[in-house]
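This report describes the domains, the ligand site and selected helices of one protein model. The sequence and the structure are shown first.

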Amino acid sequence: MPNPFKYGKEVSGYQFYDRKSDAENLHRKLADGSTNVVLFAPRRYGKTSLVVKVLDRLSTEDGISGICFDMMRIPTLERFCEEYANSVYGLFGKHRELLGKLGNYLAHLHPTISISPTGTPSISFEYGERMTPTSVAEVLDLPERLAADCGGKPFVVAFDEFQEVAGLSKELPLEKIFRSCLQTHRLVRYVFLGSKTHLMKRMFGESTRPFYNSAFPMPLGKPPVDDSMEFLISRFGEAGIALPVSLADAIVSASENIPYYLQAIASLTFEEVESARRNEVAADDVASAIDSFVCANAELFDERLRGLSNAKRSLVDALAEEPVSGFDEQYRKRHGLPVSSTLHTALKELVDDGIVETSSGKYRLSDPMFALYIRRAPARTFISK
Ligand SMILES: Nc1ncnc2c1ncn2[C@@H]1O[C@H](COP(=O)(O)OP(=O)(O)OP(=O)(O)O)[C@@H](O)[C@H]1O
Ligand SMILES: [Mg+2]
């Protein structure tokens with residue numbers, strides 16, 4: 001029986017559960033084009049999976065095509081322009097007559113269009129001079145112009161990890177350029193996703209920032225615990241393996257009900273039971289699954305800890321042990337934390353790096369398996385920077 005659980009990449013179909021009302025809500029907004037949407041959640045809550053699912057539905061049910069463009073894997077502004085232009089053009093691939101317009105629409109980037117042996121066009125640019133706001137604007141305006149050429153058909157663009165945008169250029173005010181272009185678009189609907197929630201909140205929520213109030217905010221929470229339990233029990237059940245409620249509960253707790261960790265532990269538990277050719281999950285299977293996940297990641301966790309200053313390390317240890325809403329004196333004493341100013345600088349940096357996040361009103365480590373690793377080996381010492 002194939003393993004019904006999957007983790008690491010976005011999931012769809014059988015491996016996707018819950019998110020009904022979020023999916024419905026996002027679908028409605030994009031289908032009627034009433035507003036752009038900003039969707040934020042901490043790492044591994046299922047943002048990309050949700051958006052990809054909604055894009056699929058828009059395409060099959062509403063005839064609205066879309067792309068999900070990941071800003072995280074784009075190192076430079078030049079790469080962004082080229083890859084974005086190609087992704088956008090890919091949406092209009094059927095309309096070969098539009099190829100002839102690209103030279104005009106992207107005039108400042110001097111595009112060259114080559115056709116692969118399989119007939120797929122590919123756009124590249126000559127960056128003779130430095131990038132200018134005009135050349136970036138040309139790329140950003142491309143989907144709107146092509147959509148207009150296609151009779152005003154709407155399209156959707158989802159920018160994944162959008163908080164990375166400003167970092168693509170030191171010279172150009174990219175946030176401002178993006179905002180001033182995208183706000184004029186009538187045919188293209190946008191979704192902005194980000195896992196650095198504090199950065200996304202500032203970007204869309206601070207009145208001095210270009211994207212202030214420009215999109216409908218959709219915070220994505222954890223799935224309801226009952227849905228997670230039901231997902232685990234039914235997927236094991238369909239594979240002929242009984243998962244007792246108490247052990248489904250153990251998987252949900254260990255993963256803190258974060259979809260990625262839930263699927264990872266479930267997948268490893270499934271492997272344990274399958275390899276022993278049993279048809280019921282035992283408590284030891286779940287414990288071994290958690291151990292193997294932590295073991296497999298131990299080097300990575302060590303590396304992460306080694307990079308921390310003493311102040312950050314003591315804060316990380318404290319939060320692994322005891323998530324907290326505020327750092328009062330008792331908490332600081334209990335965990336041997338430094339004075340308030342040092343503590344808050346360390347906290348800010350840990351949040352910026354995505355190691356710490358706030359959820360349910362408390363600061364906690366964003367990775368529950370990292371927290372477990374620390375709790376299991378609190379006395380380990382590292383050379384601090
Ligand atoms: N609706 C869902 N049903 C089941 N599993 C899910 C769901 N959403 C996410 N997952 C699990 O979480 C993993 C990460 O999902 P996804 O990449 O969509 O999250 P993300 O929030 O975009 O993560 P990142 O912050 O790393 O970009 C998936 O590989 C899958 O194991
Ligand atoms: Mg993602």
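Domain bounds are those of an automatic or database domain assignment. For this protein, the assignment gives domain 1 (19-219), domain 2 (225-296) and domain 3 (308-376). The contact between domain 1 and domain 2 takes 4 residues from each of them, where contact means heavy atoms within 4.5 Å. Taken over C-alpha atoms, the centres of domain 1 and domain 2 are separated by 37 Å.

The model is predicted: local features need pLDDT of at least 70 and side-chain atom pairs count only at pLDDT 80 or more, whereas totals for chains, interfaces and linings use all residues. Residues are numbered from 1 along each chain as its sequence is written, chains are lettered from A and ligands numbered from 1 in the order in which they are written, and side-chain values use heavy atoms, with hydrogens and water left out.

**The ligand site**

Ligand 1 has 21 residues around it, of which Lys6, Lys9, Arg43, Lys47 and Ser49 come nearest; a residue is near a molecule if one of its heavy atoms lies within 4 Å of it. By class, this shell holds 7 nonpolar, 7 polar and 7 charged residues. In that count Ala, Val, Leu, Ile, Met, Phe, Trp, Tyr, Cys and Pro are nonpolar, Asp, Glu, Lys and Arg are charged, and the others, Gly among them, are polar. Domain 1 (19-219) and domain 2 (225-296) both give residues to the shell, so ligand 1 lies between them. Helix 2 (47-62) and helix 10 (259-275) each supply at least two residues of the shell. Helices (H or I, at least four residues) and strands (E, at least two) are DSSP runs, numbered from the N terminus.

| Residue | Distance to an oxygen atom of ligand 1 |
|---|---|
| Lysine 6, backbone N or O atom | 2.6 Å |
| Glycine 8, backbone N or O atom | 3.1 Å |
| Tyrosine 260, polar backbone atom | 3.2 Å |

Taken alone, ligand 1 exposes 630 Å², and the protein buries 94% of that. Accessible areas come from the Shrake-Rupley method with a 1.4 Å probe; for residues, only the protein chains shown count as cover.

**Helix 9 and the residues after it**

Which residues of helix 9 (residues 245-254) are buried? They are Leu247, Ala248, Ile251, Val252 and Ala254, buried meaning under 20% relative accessible area, exposed over 50%, and partly exposed in between (1.4 Å probe, protein chains only). An α-helix has 3.6 residues a turn, so residues three or four places apart point the same way. The cover over the buried residues of helix 9 includes helix 8 (225-238), helix 10, helix 11 (283-296) and helix 16 (368-376).

Alanine 254 belongs to helix 9. Leaving aside residues up to four places away in sequence, alanine 254 touches Ile265, Ile290, Pro368 and Met369. Serine 246, also placed in helix 9, counts as exposed at 52% relative accessibility. Between serine 246 and lysine 101 there are 62 Å in space, C-alpha to C-alpha, and 145 residues in sequence.

Just after helix 9, glutamate 256 takes a positive phi of about 50 degrees. Asparagine 257, in the loop between helix 9 and helix 10, has phi near 60 degrees, a positive value in a residue other than glycine. Asparagine 257 counts as buried, at 5% relative accessibility.

**Arginine 19**

Arginine 19 is found in the segment before helix 1 (20-32). Its phi is near 65 degrees, again a positive value in a residue other than glycine. With a relative accessible area of 5%, arginine 19 is buried.

In helix 7 (residues 197-205), the buried residues are Thr197, His198, Met200, Met203 and Phe204. They pack against strand 1 (37-40), helix 6 (174-182), strand 6 (188-194) and helix 15 (340-352). Asparagine 213, in the loop between helix 7 and strand 7 (216-219), is exposed, with a relative accessible area of 58%.

Isoleucine 374 is found in helix 16 and is buried, with a relative accessible area of 3%. Not counting residues up to four places away in sequence, isoleucine 374 touches Leu305, Arg313, Val316, Asp317, Ala320 and Leu365. Isoleucine 374 and leucine 319 are 55 residues apart in sequence, with 9.9 Å between their C-alpha atoms.

How values were computed: A polar contact is a pair of N or O atoms within 3.5 Å; within protein, one must be able to donate a hydrogen and the other to accept it, and residues adjacent in sequence count only if both atoms are side-chain atoms.
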